[in-house]
Amino acid sequence: MIRDEDFVRGSVPMTKEEVRWIALVKAEIGPSSFVLDVGAGTGSISIEAAKIAAKGKIFALEKNPEALRLIHTNMEKFAVKKECCSILMQFRLRGIFTSM
């Protein structure tokens with residue numbers, strides 16, 4: 001498990017490590033799990049899930065441009081495959097969040 005202080009955060013909210021760890025265990029994520037992280041923030045849940053579900057699919061959805069940059073920064077820091085967040089920019093480019 002990754003400690004809070006290891007994530008690059010900026011001013012974007014992040015799920016605290018204790019809550020994140022309990023949620024990941026309770027979700028029973030396995031090696032081939034499909035995970036959808038809506039409002040991904042810094043990507044802390046997506047990144048931890050990607051480490052667990054190495055053969056699965058992890059999608060992090062986020063509308064905040066600063067958060068999107070942090071997710072990509074944290075993905076690089078923790079060596080998470082780009083496929084984990086490929087859907088992020090597709091949603092952003094299509095303007096799905098413009099009415100929110």
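**A loop glycine and a set of salt bridges**

G39 sits in the loop between β1 (34-38) and α2 (44-52). Helices (H or I, at least four residues) and strands (E, at least two) are DSSP runs, numbered from the N terminus. G39 is exposed, at 52% relative accessible area. Exposed means over 50%, buried under 20%, partly exposed in between (1.4 Å probe, protein chains only).

This is a predicted model: local features need pLDDT of at least 70, side-chain atom pairs count only at pLDDT 80 or more, and totals for chains, interfaces and linings use all residues. Residues are numbered from 1 along each chain as its sequence is written, and side-chain values use heavy atoms, without hydrogens and water.

Now the salt bridges. The whole structure has four. Each is a side-chain nitrogen of Lys or Arg within 4 Å of a carboxyl oxygen of Asp or Glu. R3, E5 and E17 form a network. E5 pairs with R3 at 3.6 Å. E5 is exposed at 58%, whereas R3 is partly exposed at 39%. R3 also bridges to E17, at 3.1 Å from N to O. R3 lies in the segment before α1 (17-26) and E17 in helix α1, so the pair ties together parts 14 residues apart in sequence. E17 is buried, at 5%.

Another bridge joins E48 and R20, at 3.0 Å from N to O. The pair links helix α2, which holds E48, to helix α1, which holds R20, 28 residues apart. E48 is buried at 4%, and R20 is buried at 0%.
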